[in-house]
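Hi everyone, thanks for coming. Let's take a few minutes over a ligand site together.

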Amino acid sequence: MTTEPSSVTLYSPAKINLFLRILGRRADGYHDLASLFQTVDLCDRLTFSICEEGDDVLTCTDPSVPTDGSNLILKAIDLFRAKTRSDKRFRVHLEKNIPNQAGLGGGSGNAATALVAANWLCGRDEDERRSMDELREWSGEIGSDITFFLSNGVAYCTGRGELIRPLEPLPNPPSTVYIVKPNQGLSTALVYRSLDLSALHPSSPSSLLSLFQSGGVMAAADQGALVNDLEPPAFANYGELRELKGDLEGVFGAGRVMMSGSGTAVFGLDDRDGEGDREAALREIKERRREMGLRIFACHFLDRGGPSQE
Ligand code: C5P
């Protein structure tokens, strides 16, 4: 038996998609996809505490992040209350490090973190807390990518993204993942709306997956397995992003660069250790493409998927 904790601080990681194939449009307007999701150690930091009176309160270090009921954190807390018939209210502070409208799953990861935190703060002992399986089952109701963030660090995701097959860590990961994010974002709905279903990549998702699992990440990339069907519609809406990808291929090598999710973050996989020339080349691109307002994050694959405690 433990005493009821009054506050908890959790780190909420970002994800990249190592491939993302769209399989078709569904009757409910969503698209069926098959994608390899991988968490990276670019994390938001969230502190949750129980509010003794009043409504939920969300504050955020980034003024561009909405803190009203449209934020997935508050939607996740509402969902948790409805499912558990709890009347607890929460104060949440979000230190935002993961850029939004990036395709990095920041908002989805935050929602998964909110489910875990609410469960933690409402259960006086472990028996009283809901199982991770229940949290996973509920999570699909608030967004497509949230379930992944209650799973392993790497997973094969299908359906609209919410059907998860957790995988063992992939062999031969990159030494560093460089994520490059322009100031401009793209809405996921707009990118899906611009998708030309007659021009999808021909490769089968299972053959892409086996390239990653057998040869490892860098070899798969070199065999053309970094495939994202959402790149053409994203580039159609934001032409400079295609040029940025070309610049990054000049740094990391063709095949080792891809847009994540529905963008606008683009990442490059690097397998060299401790060489400053990559960062110098990225600084040169950032300077040359000043008008794009590029931010650069150096990060690494994680073995865990969900939130972790300080
Ligand atoms: O699920 P989420 O809220 O992240 O999706 C945002 C929008 O992206 C949806 O409203 C839908 O238009 C589109 N989408 C889709 N197929 C998916 C995921 C998202 O069409 N698998």
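I'll go through the ligand and what surrounds it.

A word on the source before that: this is a predicted model, where local features need pLDDT of at least 70, side-chain atom pairs count only at pLDDT 80 or more, and totals for chains, interfaces and linings use all residues. Residues are numbered from 1 along each chain as its sequence is written, and side-chain values use heavy atoms, with hydrogens and water left out.

So, which residues surround the ligand? They are Gly29, Tyr30, His31, Leu33, Gly143, Ser144, Arg160, Thr188, Ala189 and Tyr192; a residue is near a molecule if one of its heavy atoms lies within 4 Å of it. By type, this shell has four nonpolar, five polar and one charged, with Ala, Val, Leu, Ile, Met, Phe, Trp, Tyr, Cys and Pro counted as nonpolar, Asp, Glu, Lys and Arg as charged, and the others, Gly among them, as polar.

Where does the shell come from? Strand S2 (31–51) and helix H4 (188–193) each supply at least two residues, and H4 gives the largest share, three residues. Helices here are DSSP runs of H or I with at least four residues, strands are E runs of at least two, and both are numbered from the N terminus.

Now the polar contacts, meaning pairs of N or O atoms within 3.5 Å. A ligand oxygen is 2.6 Å from a side-chain N or O atom of Ser144, and a ligand oxygen is 2.8 Å from one in the side chain of His31. At Arg160, a polar backbone atom is 3.1 Å from a ligand nitrogen.

Technical notes
Polar contact = N/O pair within 3.5 Å; in protein donor to acceptor, adjacent residues only side chain to side chain.
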